[in-house]
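Biologist: Hello! Could you show me how to read a fold, one feature at a time?
Modeller: Gladly; let us look at it together.

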Amino acid sequence: MATLQNSPSLHRTLVLNSFTKLHKQSTFHCCRRSNSFLVRAEQTPASSTCSPSQDRSGRRQVLAAGTIASWVFLTNQHFVSFAAENKKGFLPVTDKTDGYEFVYPFGWQEVTVEGQDKVFKDVIEPLEIVSVNVFPTVKQDIKEFGPPQQVAETLIKKVLAPPTQKTKLIEAVEHEIDGKTYYTFEFVAKAPNYTRHALSTISIGNGKFFTLTTGANERRWGKMKDKLHTVVDSFKIFKV
């Protein structure tokens with residue numbers, strides 16, 4: 001099984017190419033959908049006549065139609081409300097050039113950082129940030145570099161944290177989205193005057209190696225962890 005330390009291609013792209021400045025245009029999408037349902041019952045003209053059985057049958061059909069429409073309406077309203085609740089407080093990002101998407105907390109601002117493909121950060125808390133790196137690779141699947149823990153530890157030490165900081169991997173897991181493998185891991189990086197608690201997710205697609213990393217100061221981790229997990233879990237690569 002290949003290792004990151006012994007992989008010339010990944011070492012070259014992640015360490016050397018990490019200093020290459022990349023600028024791409026992102027596209028933002030935010031929409032709200034609503035659906036309405038109408039049940040129309042045509043009345044019989046006063047001049048026409050019908051039997052009692054036909055009249056009862058017609059009433060049953062109208063009542064049935066009304067019941068079904070009401071159920072569909074309520075179900076649809078619940079779905080729309082649920083979807084809006086899931087996205088509340090976040091804004092979506094879609095990069096159609098490299099083929100990835102994710103969400104970030106409302107209020108964070110986009111900034112330009114050398115060597116990063118996308119960066120959004122809180123203007124008050126400097127450690128509350130999400131960044132995306134994109135590197136070319138000949139690999140087809142993230143599993144070709146090794147198991148989650150091994151890959152995570154190497155990336156943390158060589159790419160995601162300065163060599164002067166003391167790092168600790170907390171957890172590394174593997175999961176799939178639409179048949180594509182992702183590694184997601186949690187770690188802390190200690191500097192002399194602060195500790196950053198971070199989450200990362202990595203995967204391969206479109207001939208590129210993707211990393212998304214977000215985090216916060218350890219003192220704010222309890223408040224921010226749910227939002228940061230939402231950011232990491234939203235990351236998805238699509239074909240371009």
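Biologist: Which strands does helix 4 lie across?
Modeller: Helix 4 (residues 221–234) lies across strand 5, strand 7, strand 8 and strand 9, and runs at about 165° to strand 9. Helices (H or I, at least four residues) and strands (E, at least two) are DSSP runs numbered from the N terminus. Axes are lines fitted to C-alpha atoms, for helices over the stretch in contact (heavy atoms within 4.5 Å), and angles run from 0 to 180 degrees between N-to-C directions. This is a predicted model, where local features need pLDDT of at least 70, side-chain atom pairs count only at pLDDT 80 or more, and totals for chains, interfaces and linings use all residues. Residues are numbered from 1 along each chain as its sequence is written, and side-chain values use heavy atoms, leaving out hydrogens and water.

Biologist: How do I read the sheet?
Modeller: Strands of a sheet pair through backbone hydrogen bonds, either parallel or antiparallel. Here, 7 strands form an open sheet in the order 3-4-5-9-8-7-6, with antiparallel pairing; two strands pair if DSSP finds at least two bridges between them. Strand 3 (109–110) and strand 6 (166–177) are the edge strands, each pairing on one side only.

Biologist: Where is D178 found, and is D178 buried or exposed?
Modeller: Most residues other than glycine have a negative phi. D178 has a positive phi of about 55° although it is not a glycine, and is found in the loop between strand 6 and strand 7. D178 counts as exposed because its relative accessibility is 65% (buried is under 20% relative accessible area, exposed over 50%, partly exposed in between, with a 1.4 Å probe and protein chains only).
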